[in-house]
Amino acid sequence: MDIAGILATKGDKTHTVRPEQTIREALALLARHNVGALIVVEGGERPVGVLSERDIVREAARNEHLFGETVGDVMTRDVITGAPHDDLLTVAHTMTERRIRHLPVVDKGRLVGIVSVGDILKAQRDQYQGELDTLQTQFLSDERGR
Amino acid sequence: MARPGTAAEPLRVAIVGAGPTGYYAAEALLKNERGVVVEVDVFDRLPTPYGLVRAGVAPDHQKIKAVTASFDKVAANPRFRFFGGVEFGKDLTLGDLRAHYHQILYCTGAQTDRRMGIPGEDLQGSHPATEFVAWYNGHPDYRDYVFDLAQERAAVVGVGNVAIDVARILCRTPEELAATDIADHALEALRKSRVKEVYLLGRRGPAQAAFTNPEIKEIGGLADADVIVRAEEVELDPLSRATLDKSQDRATLKKVEILQGYALRKPAGRSRRLIVRFLVSPVELTGDAAGRVVAMLLVRNELYATATGALQPRATTQFEALPVGLVFRSVGYRGVPLPGVPFNESWGVILNEKGRVLDPCTKQPVVGEYTAGWIKRGPSGVIGTNKPDAAETVACMLEDLAQGTVLRPAHAEAAAAEALVRQRTPHCFSYADWLRLNELEVSRGRPQGRPRVKFTRVEEMLAALGR
Ligand SMILES: Cc1cc2nc3c(=O)[nH]c(=O)nc-3n(C[C@H](O)[C@H](O)[C@H](O)COP(=O)(O)OP(=O)(O)OC[C@H]3O[C@@H](n4cnc5c(N)ncnc54)[C@H](O)[C@@H]3O)c2cc1C
Ligand SMILES: NC(=O)c1ccc[n+]([C@@H]2O[C@H](COP(=O)([O-])OP(=O)(O)OC[C@H]3O[C@@H](n4cnc5c(N)ncnc54)[C@H](OP(=O)(O)O)[C@@H]3O)[C@@H](O)[C@H]2O)c1
């Protein structure tokens, strides 16, 4: 399975913010959409960073004037981006190894979605559960008439 | 207004599509733990239920086809009704369903195939695997398709489980096939098949092959076909080696081991040869003057790592020509949009979030419309994968009901829905009709020692029911 399979059931909205917006605005977006991270995009759709709750907490611990800072100053740069056809297993490894919680997915230079560690774990669990459920359905069939 | 879901006013749900997902969803609805009283009407455009379990799963895999017995148990619930031969968008519209049901659930699967996007793809003799699979399984829409099995060399593009199914069916002996429920017309055609060599073409390496281990193992035991693998193509490249060393994924290690085992085998001179190739992509199909495919141009690929470390193919400048008279592209299925239902073109699925259909403009859920299975998440996963998938959608449906967010149909009675369906499709098929057809198919198979002999035309089915 590839990560496009995860994006397929996440609608087509990705929550983004621009680098020049303030942390105050970003916090409002995080709260409104009930998400843990925003993708920072420039020129409409080109991702340049990720702003996560963690980034904000880290900044808050050392900066009294956090709310007025710009997203561009606080975000994590050099983010790794995924491609729709990247496979689940590899992405799971990379995200855990590098402690990435949110992976922007980019197709032909355009942001097409975001997958979280939670999404990946759920997809892996569903895949495993699916194999078990196939066996269980077969097993229940064998009990025919007993 | 009172909330539906009580014995006096049951929650009425229309399920479109009677594949595994339709059944799993119906089961989850009927057995819900919230005590909601639900009535489901399941519609399918085919007279027969089970979706790809009947029309996709290979005929020589009877053990898995037997899952249908559990689906029949779901259908035995008095609050489950089946209307076969009723197509959403043609016989019934979204407006019709909205007028008769509180909730509508689309489980229509992936009805078409993905294309390779190369020149010559539409030459005569080049087919989507979807059509061949539907044909050998007796899907009525594909009953009269013709495949030129007089050709000696065939290529199957892709190395997923469907590609393996197609290659395996082409390599089985008539005796092996005659013990299955393969459609009679396909059995006859395959008896006369002159196909001697079948190529399975993977664009990446053995460690990235999409097929699963039992399937690749099975082809090693075919009665009269040798499996041929080139040692150099199943030797792991440094990138795959490094990835596998790190992940130690047992299934992948085993897969590579099986393939390397095949590479050591000496061909035993059997009548057919199944040749599994890796790291090659078709770039063009070439035809003769009559427009028939005669060869395939392949390019050799190398792997590169994407930012996340996933390994993807990249063309080199090395080409080779493969003479073939028959090509099956097995590069994945794809969902088709339903009239009036929002679609997500990027992934070929109904636009949804966790199974709630979304309005494309507002991105908010559309009241009363849901989706599950292949048309919700795309064409991947085995039969049982649709169970947790359907459960997720059903949980959303019951949550929305609890919030009072359901349709308010003008005619929320089972009788009104049935009257409409019978008026639109006088010949529709009930579950009792199907169980009768099933009995007849099984009894037709018995004298031949076959699991069943399928009806493959709708008229045949009507006649068998005395209609
Ligand atoms: C060739 C093949 C072989 C497979 N073999 C195996 C296997 O061996 N083991 C395994 O575990 N899994 C196998 N799978 C996977 C498994 O079949 C799928 O996971 C599963 O069938 C998907 O279920 P679904 O209900 O979402 O879709 P489907 O099974 O495709 O069911 C969709 C149903 O909707 C109906 N429909 C579509 N459009 C309309 C409409 N407009 N109106 C009314 N009805 C409509 C269709 O007629 C169909 O009955 C195989 C898949 C393929 C393609
Ligand atoms: N026995 C069983 O349990 C069984 C039988 C049949 C089907 N199924 C299930 O049904 C689902 C669908 O099966 P499937 O085989 O249709 O899909 P699949 O598993 O996604 O395999 C598709 C194959 O096509 C290849 N491909 C895609 N685009 C290509 C291109 N442009 N050129 C060359 N190759 C290309 C893919 O290669 P890449 O990986 O490089 O993209 C992959 O090898 C799967 O989940 C499968 O497991 C199960």
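This is a predicted model: local features need pLDDT of at least 70, side-chain atom pairs count only at pLDDT 80 or more; totals for chains, interfaces and linings use all residues.
Residues are numbered from 1 along each chain as its sequence is written, chains are lettered from A and ligands numbered from 1 in the order in which they are written, and side-chain values use heavy atoms, with hydrogens and water left out.

**Stop 1: ligand 2**

Select ligand 2 and show the 22 residues around it, meaning those with a heavy atom within 4 Å of it. His85(A), Arg203(B), Arg204(B), Glu215(B) and Gly381(B) come nearest. Because the surrounding residues come from chains A and B, the site is shared between chains.

Now look for polar contacts (pairs of N or O atoms within 3.5 Å; within protein, one must be able to donate a hydrogen and the other to accept it, and residues adjacent in sequence count only if both atoms are side-chain atoms). The side chain of His85(A) has an N or O atom 2.7 Å from an oxygen atom of ligand 2. On chain B, a polar backbone atom of Val162(B) is 3.1 Å from a ligand 2 oxygen, and a backbone N or O atom of Ser330(B) is 3.4 Å from one.

Helices here are DSSP runs of H or I, at least four residues, numbered from the N terminus. By class, the shell has 9 nonpolar, 8 polar and 5 charged residues; Ala, Val, Leu, Ile, Met, Phe, Trp, Tyr, Cys and Pro count as nonpolar, Asp, Glu, Lys and Arg as charged, and the others, Gly among them, as polar.

**Stop 2: ligand 1**

Move on to ligand 1, which has 31 residues around it. Thr21(B), Asp44(B), Leu52(B), Phe88(B) and Ile383(B) come nearest. Which atom of ligand 1 is 2.9 Å from a polar backbone atom of Phe88(B)? It is a nitrogen atom. Oxygen atoms of ligand 1 face backbone N or O atoms of Leu52(B) at 2.9 Å and of Val382(B) at 3.4 Å. Taken alone, ligand 1 exposes 1,000 Å², and the protein buries 93% of that. Highlight helix H1 (20-30) and H7 of chain B: these are the elements giving two or more residues to the shell. The shell divides into 16 nonpolar, 11 polar and 4 charged residues, and at least three residues come from each of domain 1 and domain 2 of chain B.

**Stop 3: the cavity**

On a 1 Å grid over the protein atoms alone, a cavity is a set of points where a 1.4 Å probe fits but cannot get out, and lining residues have an atom within 4 Å of a point. Select the lining, including Leu46(B), Arg54(B), His139(B) and Met461(B). Domain 1 and domain 2 of chain B both give residues to this lining, so the cavity lies between them.

Conventions: On a 1 Å grid over the protein atoms alone, a cavity is a set of points where a 1.4 Å probe fits but cannot get out, and a pocket is an open set with protein on both sides within 12 Å along at least five of seven lines; lining residues have an atom within 4 Å of a point. Domain bounds come from an automatic or database domain assignment. Accessible areas come from the Shrake-Rupley method with a 1.4 Å probe; for residues, only the protein chains shown count as cover.
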